[in-house]
Amino acid sequence: MMQMRSLIRQFGAAVLAMAIGLTGGPAQAEVRIKDIANFEGVRENHLIGYGLVVGLLGSGDKLNSSPFTRESIRGMLERLGVANLDGAALKTKNTAAVMVTAKLPPFARRGSPIDITVSSLGDATSLRGGTLLVTPLTGADGAVYAVAQGAVATSGYRVDGNAASVVEGVPTIAKIENGAIVEREIDFNLFQLDSVRIALHNPDFTTAARVHDAIENRLGNGAAEVLDSGTVEVWIGGGNVPDTMMTVENLTVTPDAIARVVVDEKSGTIVMGADVRIGQVAISQGGLTVRIQENFNVSQPGPVSVGGGTAVITGAPISIGGSTVVVPETEIDIAESDGSFTILRGDVSLEELVNGLNAIGVGARQTIAILQAIKAAGALHADLEII
């Protein structure tokens, strides 16, 4: 019996400890390093090219207003053996000049396909049903890294009538899945590196220190070094570079951020971080409402109108030279709402701030004005960013 009671006490203590562990402190959200940072040098590269889309159903560029399209058609046909063309005689409406853009992924090998985006350059109304001709894609250094070609796929549609038209989406922008083939690789050998650098998406010394500690707890002391608020260098030592990078990017840390309130005045959107604090302040929200309503009354003359004086015939009024008159009437109503003060105590948390503003009964637009006033009073301990 004594042994049973001892087991019950131990079980109760374990349950109590578990409850304290679950509710005793704030929740910490840990994320992978790969979700808040990237390895320096391992990135995409932008490509761009100029080409022609053919096969359009009369929705291409007007050659009179798009001379670059005419010259591109002439140059293309001359390269294909069709020479001595009169540019002024070209009247086609089935061709459009386009800009082709793409992103070259890191470590892309020769022959790998990549997606491309095709955008109209002239006055074409739609690229639906067209085919992109061979288009070289160059990088920032001017070298050709990929070649694009294929049938375009637009996401929008266009319907025209005699008196109206409907356009859904943008039919002058199209995509081609796997529409380009990589022709040149970017030289980047991981095995020649003695170290790799981690670049944080949001530079912060606290987050960088936590990344440093997580890496050293896994790889050992001296394996990492904080260079600045946005960069942590990881030394490879005698290990394998890809294995080290795989290990590091899957480590979890709790990122830190400064307290910030972001306000979008156009849409009335307000986003407040969890670390936003407000000092003791009293808030009163009230205003003056003026309502003006215009009413128009019509003064109608009698049923019979004659000239020179007014008389009564068989009891019916007779108007002399009568006319219809519109008489305006204006009603003005002024209502003043007395806003009561709400006191927010010092070191107010985000939840207490929201509850206090809701208690006043203010809307999003009024909340924006209140936050600006609190910031001006020096009681908002956070960055107020208005976009």
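# Why these labels?

Me: Why is Glu 249 called partly exposed?
Reply: The relative accessibility of Glu 249 is 21%. Buried would need a value under 20%, and exposed one over 50%. A value of 21% falls in between, so Glu 249 counts as partly exposed. The value comes from a predicted model.

Me: What makes the contact of Lys 34 with Glu 249 a salt bridge?
Reply: The closest N and O atoms of Lys 34 and Glu 249 are 3.7 Å apart. The limit is 4 Å between a side-chain nitrogen of Lys or Arg and a carboxyl oxygen of Asp or Glu, so the contact qualifies. This pair links distant parts of the chain, with Lys 34 in helix α2 and Glu 249 in helix α5, 215 residues apart.

Me: How do you know that Glu 185 and Arg 109 form a salt bridge?
Reply: Their side chains meet at 3.2 Å, N to O. That is within 4 Å, so the pair counts as a salt bridge. Glu 185 lies in the loop between β11 and β12 and Arg 109 in the loop between β4 and β5, so the pair ties together parts that are 76 residues apart in sequence. The structure holds six salt bridges, one of which joins Asp 35 and Arg 32 at 3.1 Å, N to O.

Me: Why is the aromatic pair of Phe 107 and Phe 188 called tilted?
Reply: The two ring centres are 5.8 Å apart, and the angle between the planes is 50°. The centres are within 6.5 Å, so the rings pair. Stacked would need planes under 30 degrees apart and edge-to-face over 60, so an angle of 50° makes the pair tilted.

Me: Which parts of the chain does this pair tie together?
Reply: Phe 107 is in the loop between β4 and β5, and Phe 188 is in the loop between β11 and β12, so the pair ties together parts that are 81 residues apart in sequence.

Me: What makes Phe 107 a case to note for its phi?
Reply: The phi of Phe 107 is near 60°, a positive value in a residue other than glycine. Asn 178, in strand β11, has a positive phi of about 55° and is not a glycine either.

Me: How do you know that Arg 184 lies over the face of Tyr 145?
Reply: Arg 184 is at 5.8 Å from the ring centre of Tyr 145.

Methods:
Residues are numbered from 1 along each chain as its sequence is written. This is a predicted model: local features need pLDDT of at least 70, side-chain atom pairs count only at pLDDT 80 or more; totals for chains, interfaces and linings use all residues. Side-chain values use heavy atoms; hydrogens and water are left out. Rings of Phe, Tyr and Trp (its six-membered ring) pair if their centres lie within 6.5 Å; planes under 30 degrees apart count as stacked, over 60 as edge-to-face and the rest as tilted. Helices (H or I, at least four residues) and strands (E, at least two) are DSSP runs, numbered from the N terminus. A charge sits over a ring if NZ of Lys or CZ of Arg is within 6 Å of the ring centre and within 35 degrees of the ring normal. Buried means under 20% relative accessible area, exposed over 50%, partly exposed in between (1.4 Å probe, protein chains only).
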